[in-house]
Amino acid sequence: MANKLLSEMGLPNSIANIFAARNLITAKDVFSLTEFELMELLDVDLAVVTSAVAHISEITCPPYQTALSLLEQRGQNENMAGHLPTSLKGLDNALCGGIPFGVVTELVGPAGIGKTQFCLKLSLLASLPSSYGGLDGSVIYIDTESKFSSRRMIEIGFNSFPEVFQTEGMAQEMAGRILVLRPTSLSEFTDSLQKIKVSLFQHGVKLLIIDSMAALLSGEGVQGPQRQHSLGWHISFIKSVAEFSRIPVVVTNQVRSQSRDGTSHYSFQEQSRGESPEAATKHDSHLVAALGIHWAHAVSIRLIFESRSGQRFIKLAKSPVSPPLAFPFNITSSGISLLNDDGVEMPGPEIHSISCQGMI
């Protein structure tokens, strides 16, 4: 609003012409000077300056809103946007309906913890007919680590929705709605993103999944300012896709530990060398999300997947609508299953920590 043109503010011609003659073009130009500096520059008295600044301030500053009006506005936006239910009752209740449309939801955790299982189930739910609670649409699944398994997805479908998948031809129809892309480099991934924005409406896409961003960046060896620039562009573009299309966008993020010499070690790299996910913690006393703080600020929802003493948890670490909660879960033939729907409230730094102790 500070860049709003003074010529569009309905100022009296007498003062508007003086502003223009002194090369004061925007509200920011005026606000950067004191009233006495404006008096000297414009060669007018204090009453004229005060009146002009008050007029510019009234037009430039957004009107105040009450807490009640903000609450009502958020409710209207949520009704317009909607949610993709996860079929996990406790998590859906905490998120006021499920994964929200129009924003980026992040799943972060060590390799093998269950992030891809969660994504497979979401893919099914988005493509499920609306009569069964689904979104009845297509899914774009960007699989950067070749972890997408059609066989596992169909297994989850048969065990979760037997009445749907036992119908002749339904399994093939559901699988045909999920479009899998496997970019092998960051440049291919970037090209895929740009094409996706165009095809979202053409294919009736109701969900975009990126599994995962961290693998692409680490695979390219992008570090330092170049990494931040590349990540910043991708953050902005992915958020714009979510806002433009009003669909849920889910992105998985890996974890890393920092060794004493300052190098990063990623959990999926340890696993590819035959080490357990827990081995990554030997480099440091704790794990952190691989994509860093700028990425963390960009996402609206953060779900942390972790394991403590052999028990897996989903932690709702960031949400504008929920307190910080942790839900214990198991992975079954029908996908992820919560052990209870109440969750445990977990205030303080513990909600943001990431553990892979005794993961089985």
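## Largest cavity

Val 104, Ile 235, Ile 238, Lys 239, Trp 295, Ala 298 and Val 299 form the lining of the largest cavity. A cavity is a set of points, on a 1 Å grid over the protein atoms alone, where a 1.4 Å probe fits but cannot get out, and lining residues have an atom within 4 Å of a point. The volume of the largest cavity is about 30 Å³, a volume being the space filled by probe spheres set on the points, with grid points joined across faces, edges and corners. The count is one cavity of 30 Å³ or more.

Helix H13 (224-245) and helix H15 (292-298) each supply at least two lining residues of the largest cavity; H13 gives the largest share, three residues. Helices (H or I, at least four residues) and strands (E, at least two) are DSSP runs, numbered from the N terminus.

## Basis of the model

This is a predicted model, in which local features need pLDDT of at least 70, side-chain atom pairs count only at pLDDT 80 or more, and totals for chains, interfaces and linings use all residues. Residues are numbered from 1 along each chain as its sequence is written, and side-chain values use heavy atoms, with hydrogens and water left out.

## Chain overview

The chain has 15 helices and 15 strands. The accessible surface comes to about 17,400 Å², and carbon and sulfur atoms account for 53% of it; areas come from the Shrake-Rupley method with a 1.4 Å probe.

Among contacts (heavy atoms within 4.5 Å) between residues at least 6 apart in sequence, 67% join residues at least 24 apart.

## Nonpolar cores

A nonpolar core is a set of buried Ala, Val, Leu, Ile, Met, Phe, Trp, Tyr and Cys residues joined through side-chain atoms within 4.5 Å. The largest has 43 residues, of which Leu 84, Phe 118, Leu 122, Leu 303, Phe 305 and Ile 314 touch the most other members. Helix H7 (residues 115-127) contributes the most to this core, with seven residues. Another core, of 29 residues, lies apart from it and includes Ile 140, Leu 208, Trp 295 and Val 299.

Beyond its neighbours within four places in sequence, Ile 314 is in contact with residues including Leu 88, Phe 118, Phe 305, Phe 329 and Leu 338.

## Aromatic pairs

The whole structure holds five aromatic pairs. Rings of Phe, Tyr and Trp (its six-membered ring) pair if their centres lie within 6.5 Å; planes under 30 degrees apart count as stacked, over 60 as edge-to-face and the rest as tilted. Phe 118 and Phe 305 form an edge-to-face pair, 5.6 Å centre to centre with 75° between the planes. Phe 118 is in helix H7 and Phe 305 in strand E11 (residues 301-308), so this pair ties together parts 187 residues apart in sequence.

The rings of Phe 305 and Phe 329 have centres 5.8 Å apart and planes at 75°, so this pair is edge-to-face. Phe 329 lies in strand E13 (residues 325-332) and Phe 305 in strand E11, so the pair ties together parts 24 residues apart in sequence. Ring pairs link Phe 118, Phe 305 and Phe 329 into a cluster. Phe 118 counts as buried at 4% relative accessibility, Phe 305 at 0% and Phe 329 at 0%.

Methods. Buried means under 20% relative accessible area, exposed over 50%, partly exposed in between (1.4 Å probe, protein chains only). On a 1 Å grid over the protein atoms alone, a cavity is a set of points where a 1.4 Å probe fits but cannot get out, and a pocket is an open set with protein on both sides within 12 Å along at least five of seven lines; lining residues have an atom within 4 Å of a point.
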